Protein chains: 2
Amino acid sequence: MTNTIRLGLVGYGNIGKSAEAAIEAFPDMEGVAVFTRRNPETLNSKLPAVSIDQILEYKDQIDVLILCGGSATDLPEQGPSLAKHFSTIDSYDNHGEIPSYFSAIDASAKENGNTSVISVGWDPGLFSMNRVLFDSVLPSGKTYTFWGKGLSQGHSDAIRRVAGVKKGVQYTVPIEEALDEVRSGSQPSLSAKEQHERVCYIVAEENADKEKIEQTIKTMPNYFEPYQTTVHFIDEETFENEHQKMPHGGFVIRTGESALENQQRMEFQLKLESNPDFTSSILVTYARAVMKLKEEGKTGAFSVLDIPLSYLSDKTPEQLRKDFL
Amino acid sequence: MTNTIRLGLVGYGNIGKSAEAAIEAFPDMEGVAVFTRRNPETLNSKLPAVSIDQILEYKDQIDVLILCGGSATDLPEQGPSLAKHFSTIDSYDNHGEIPSYFSAIDASAKENGNTSVISVGWDPGLFSMNRVLFDSVLPSGKTYTFWGKGLSQGHSDAIRRVAGVKKGVQYTVPIEEALDEVRSGSQPSLSAKEQHERVCYIVAEENADKEKIEQTIKTMPNYFEPYQTTVHFIDEETFENEHQKMPHGGFVIRTGESALENQQRMEFQLKLESNPDFTSSILVTYARAVMKLKEEGKTGAFSVLDIPLSYLSDKTPEQLRKDFL
């Protein structure tokens with residue numbers, strides 16, 4: 001077990017819980033502790049729960065910290081501050097702010113000889129890798145990203161705030177005709193609303209005015225009004241049985257012509273029964289890359305675009321060439 | 001144009017011709033010459049055609065050589081010998097011999113301060129990258145590779161040797177039911193023949209015994225006998241109109257369970273109207289990676305698994321983080 005990578009988790013929401021479980025599936029990883037802002041005694045974790053205030057006491061026991069917080073408020077504050085003391089991995093996904101987040105982490109990490117990988121997951125993450133790959137190998141073409149079928153937390157929260165809604169979830173669903181059109185190679189111009197529809201499953205309060213609920217949702221500005229929206233009313237039992245998971249996924253597709261006027265299509269697909277489970281599995285995988293970058297003396301911030309695929313594997317380069325190339 | 005990458009091509013078959021055209025599509029690339037074992041005057045190339053015997057005279061004019069020969073006899077000889085004098089990229093695809101080919105190239109390149117990337121293309125190549133990615137991020141699961149619908153040169157040659165066959169092509173086609181079964185997550189055990197069927201289009205000689213042709217093909221050991229094989233007889237005009245391209249493609253699919261017992265599926269797809277066009281476009285792309293590795297002082301042999309995706313792009317790391325991450 002000399003080469004075991006020792007991981008700490010910061011935060012114990014959906015990602016933190018999934019990451020704790022994921023670590024067990026990786027034979028070369030070991031979980032040390034979960035750090036939390038809550039009272040550690042209230043955490044139902046398998047790993048020891050420790051107050052975030054004590055995290056610096058763990059510097060020598062942890063190789064890589066997985067930051068499991070959200071991009072809105074947690075990571076912008078925790079990321080740069082923890083990268084001063086630990087090598088870190090996070091799933092920062094506020095696309096517009098990535099350049100400044102990268103700079104902040106890079107400064108903290110470099111100054112202190114640490115190594116951080118930011119924006120790890122599937123989008124940003126595996127989808128980004130495919131977007132770069134596709135754009136690079138086929139310069140003349142157009143790349144599309146579709147998301148779903150997937151549970152949208154923000155939209156689900158929005159419908160649950162509508163009067164008369166007892167329970168509700170919203171799925172973002174790629175429009176099949178748009179996918180077909182993209183795959184045909186015609187390179188259509190499509191806005192987000194032409195690529196995706198919104199499907200809601202709702203348990204109404206007793207005696208609620210369902211027609212009014214449906215109207216309120218469908219006319220909600222920004223969230224639903226611009227989109228093709230469908231509202232299904234279901235009973236509570238069905239809701240409990242069929243809508244408790246957090247599925248997600250999507251498609252990155254590029255079509256284009258190669259030099260001798262031949263149509264080429266590349267496509268990357270994910271179909272995930274659990275979004276946080278998959279995201280955290282990727283986060284944990286990248287701990288191997290952090291260790292390899294550290295061995296090479298590379299410090300500062302990195303993204304998934306900067307890291308060779310062999311760094312993600314627990315297999316040797318020889319094994320990979322023999323069995324995977 | 002100071003940063004233009006100067007490329008030489010070795011060989012002018014399907015890959016060489018496509019590579020010559022591909023170079024024009026890459027704004028940061030420039031073709032210098034095509035080197036050939038044939039009489040250069042017989043080559044119908046746009047780039048200057050030069051005898052392979054004069055290739056060493058071009059050492060200072062070429063940054064990277066793209067080796068466009070075949071894996072059976074050309075590359076095992078040309079690869080290690082040219083890697084002594086040039087940085088090289090090839091599409092060596094004899095999977096079983098990759099480790100020894102890698103070692104031979106690595107020795108030649110390292111000794112002489114050159115940088116070579118071997119086995120570039122889509123399989124080995126993009127498919128290999130996805131196999132490693134999939135295996136790394138989802139340790140509990142099973143990965144499948146399907147090829148096609150694609151023209152198989154070897155099988156097409158085999159049917160053209162059958163008495164009474166005037167013209168013929170063979171396509172390897174993934175079996176739809178097998179794809180569905182794999183995607184379902186049931187992780188079936190499937191042999192190559194349970195994943196693929198073989199479909200032949202044949203123009204028969206006048207008065208040929210079609211029934212006998214069909215029987216001869218379907219019972220051909222190794223090539224067709226183990227497979228579900230369909231033989232279509234078509235007229236010569238249809239053959240000329242519909243079977244002159246070299247389409248190919250395929251699927252890499254992994255299904256598995258993440259830690260909290262959720263089903264996850266990853267899939268990479270290619271649908272190519274021209275296999276040599278796409279392969280050569282990837283070969284040319286990797287010239288950027290060779291230049292970046294050289295800048296870092298990295299010499300020896302590399303595979304696609306050793307190279308970060310950002311090295312494939314003509315965009316800066318900042319641009320990639322801003323627009324692609």
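Which strands does helix 4 (residues 126-137) of chain B lie across? I looked this up at the outset: helix 4 of chain B lies across strand 13 of chain A together with strand 7, strand 12 and strand 13 of chain B. Its direction runs at about 5° to strand 12 of chain B. For such angles, axes are lines fitted to C-alpha atoms, for helices over the stretch in contact, and the angles run from 0 to 180 degrees between N-to-C directions. Helices (H or I, at least four residues) and strands (E, at least two) are DSSP runs, numbered from the N terminus.

**Conventions**

I noted that this is a predicted model, in which local features need pLDDT of at least 70 and side-chain atom pairs count only at pLDDT 80 or more, while totals for chains, interfaces and linings use all residues. Residues are numbered from 1 along each chain as its sequence is written, chains are lettered from A and ligands numbered from 1 in the order in which they are written, and side-chain values use heavy atoms, with hydrogens and water left out.

**The two chains**

I superposed chain B on chain A and found a rotation of 180° with 0.0 Å of shift along its axis, at an RMSD of 0.1 Å. This is the relation of a two-fold axis. The same surface serves both copies, since 99% of the contact residues of chain B recur in chain A. The superposition is by least squares on the C-alpha atoms of residues with pLDDT of at least 70 in both copies, and contact means heavy atoms within 4.5 Å.

I then traced an open sheet of six strands, with the order 7(A)-12(A)-13(A)-13(B)-12(B)-7(B) and antiparallel pairing. Two strands pair if DSSP finds at least two bridges between them. The edge strands are strand 7 (141-147) of chain A and strand 7 (141-147) of chain B, each pairing on one side only. Neighbouring strands of this sheet are turned by 5° against each other on average, direction ignored.

As an example, B:Arg254 has B:Met266 in strand 13 of chain B as its bridge partner. I also noted helix 10 (residues 275-295) of chain A, which lies across strand 12 and strand 13 of chain A together with strand 12 and strand 13 of chain B. Helix 10 of chain A runs at about 75° to strand 13 of chain B.

Which domains does the assignment give for chain A? I recorded domain 1 (5-124 + 276-324) and domain 2 (150-246); the bounds come from an automatic or database domain assignment. The C-alpha centres of the two domains of chain A lie 33 Å apart.

In chain A, five of the six residues of strand 1 (residues 5-10) are buried. Buried means under 20% relative accessible area, exposed over 50%, and partly exposed in between (1.4 Å probe, protein chains only). Six bridges join strand 1 of chain A to strand 2 (residues 29-36) of chain A, and the two run parallel. In strand 2 of chain A, A:Gly31 is the bridge partner of A:Leu7.

I checked helix 2 (residues 74-82) of chain A, where the buried residues include A:Leu75, A:Gln78 and A:Leu82. The buried residues of this helix pack against strand 1, strand 4 (64-67), strand 5 (88-90) and helix 3 (98-111) of chain A.

**Backbone details in chain B**

Most residues other than glycine have a negative phi, and most peptide bonds are trans. I therefore listed the exceptions below under that rule.

- The peptide bond from B:Asp123 to B:Pro124 is cis, with omega near 0°. B:Pro124 is in the loop between strand 6 (115-117) and helix 4 of chain B.
- B:Ser119 has a positive phi of about 55° although it is not a glycine. B:Ser119 is in the loop between strand 6 and helix 4 of chain B, and is buried at 0% relative accessible area.
- B:Glu261 has a positive phi near 65°. It is found in the loop between strand 12 and strand 13 of chain B, and counts as exposed at 60% relative accessibility.
- The peptide bond from B:Gly148 to B:Lys149 is cis. B:Lys149 is partly exposed, at 46%, and its contacts include B:Tyr171, B:Pro247 and B:His248.

Terms used:
Lists of a residue's contacts leave out its neighbours within four places in sequence.
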